[in-house]
Amino acid sequence: MAHIELKGITKTFGNHVALKDLNIEIADGEFFVLLGQTGAGKTTTLRLIAALEKPTAGQILIDGQDVADWGAAERDVALVLQQYSLYPRYTVRENLEFPLKPRIRRVEPAEIKERVDRVAKTLRIEHLLDRKTDRLSGGEMQRVSIGRAIVRKPRVFLMDEPLSALDAKLREALRTELKNLQMNLGATFLFVTHDQIEAMSMGDKIGVLNNGHLVQTGTPHEIYNKPVNTFVARAVGSPPMNLIDGTLEGGEAVATEGYRLPLGQGHGIATDGRPLTFGIRPEDLFLDSGAPGEARVHDVENHGVEKIVTLRTGNGELLQATVPARTELEIDESVRFSWNPEKVVLFDGNSGVSLRYAS
Ligand SMILES: Nc1ncnc2c1ncn2[C@@H]1O[C@H](COP(=O)(O)OP(=O)(O)OP(=O)(O)O)[C@@H](O)[C@H]1O
Ligand SMILES: [Mg+2]
């Protein structure tokens, strides 16, 4: 369908810099998720691609062509917003037909019917086609909004947190549906969200945006396992990665809190005494009566298949570990812990940058 490239995009509003030197490449047929907190610049990025804003500097290329002078219609992108904007007094079928009706599109009536029926089937809203849209639930309305984008067969789908207003169950169901849809259509998707679970579960690639800066782009696996800095480490994973301040001493990690834990091979780039932050995911931290770390059980959350244990070490540092549900633990119980030495990520203690990417 389409390949999108943002090259050195900067966008300022007055003297506020909303986006700074953004470089993003989205492959044809890729599901790209832009993840960022409120005000990070996500909506601005979509609006620039949809021709609703002009960049202050930089270029937008669609299939290799600079689209600076192209209007919204020529760019042929569909924008789906968080708040659905449907025509309330019309039926679902009429709402789905609208995007195909403008004279410039010249779609034959038979084809309009066929496309609307196909989209309704894909989104499982066939039974709603004759209903007025103001009689629909939130999830149904959002399906219709997505349907309105799909009937047009745009080159690119831009989605601005389309699932955030829905309840958890519906959000999960629509997540799967959108992903299936993207695979069936082979379409290029740019989906923005502040929800890391959405990003991790849907994205072929994720771009992490912080304050208008793209901090890291990679597959969910890369973002999760090789975060470029402590910002990205905190941005994905629930519960988040544990970040432990300390130093290196004779090949071991020495936490500021006093305990020492082993490190695997490949950490030779760090020199003894350099201030570091050790990153370890909760699933790589474990309890074992013979382990070197000492802590007390601060809190236990039961999540069905597993428990999330919060440990309190020395002076009150809190660490989280996931343990099998059958593990019995009492609050304030004294436990010993260690980590998988091969899974530790080393960050510079001052800059927070992973030593994998800088030294
Ligand atoms: N038209 C505008 N005029 C002035 N400032 C703007 C305008 N549009 C956006 N901004 C500012 O640019 C920054 C980025 O806004 P944007 O809407 O892109 O953030 P976002 O990542 O979509 O946030 P949210 O998650 O809250 O939707 C914000 O600080 C916002 O206030
Ligand atoms: Mg926004």
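1. The side chains of T277 and D245 are joined by a polar contact of 3.1 Å. A polar contact is a pair of N or O atoms within 3.5 Å; within protein, one must be able to donate a hydrogen and the other to accept it, and residues adjacent in sequence count only if both atoms are side-chain atoms. This is a predicted model: local features need pLDDT of at least 70, side-chain atom pairs count only at pLDDT 80 or more, and totals for chains, interfaces and linings use all residues. Side-chain values use heavy atoms, with hydrogens and water left out, and residues are numbered from 1 along each chain as its sequence is written.

2. T277 sits in strand β14, which covers residues 276-280. T277 has a relative accessible area of 8% and is therefore buried (under 20% relative accessible area; exposed is over 50%, partly exposed in between; 1.4 Å probe, protein chains only).

3. Apart from neighbours within four places in sequence, T277 is in contact with T230, L243, I244, D245, V345, L346, F347, D348 and G349. Contact means heavy atoms within 4.5 Å.

4. The protein is divided into domain 1 (4-235) and domain 2 (242-348), with bounds that come from an automatic or database domain assignment. Where the two domains touch, 8 residues come from domain 1 and 6 residues from domain 2. The domain centres, taken over C-alpha atoms, are 39 Å apart.

5. Between them, domain 1 and domain 2 bury about 610 Å², of which 58% is on carbon and sulfur atoms. Buried area here is the accessible area (1.4 Å probe) that two parts lose on being put together, summed over both. On the domain 1 side, Y224, T230 and A233 lose the most area to domain 2, together 65% of what that side buries.

6. The interface of domain 1 and domain 2 has 2 residue pairs in polar contact, both at pLDDT 80 or more. The elements giving two or more residues to the domain 1 side are α8 (220-225) and α9 (230-235). The count of salt bridges between the domains is 0 (a side-chain nitrogen of Lys or Arg within 4 Å of a carboxyl oxygen of Asp or Glu).

7. For the protein as a whole, there are 9 helices and 20 strands; helices (H or I, at least four residues) and strands (E, at least two) are DSSP runs, numbered from the N terminus. Of the 359 residues, 48% are buried. The C-alpha atoms fill a box of roughly 75 × 45 × 35 Å along the principal axes.

Key. Chains are lettered from A and ligands numbered from 1 in the order in which they are written.
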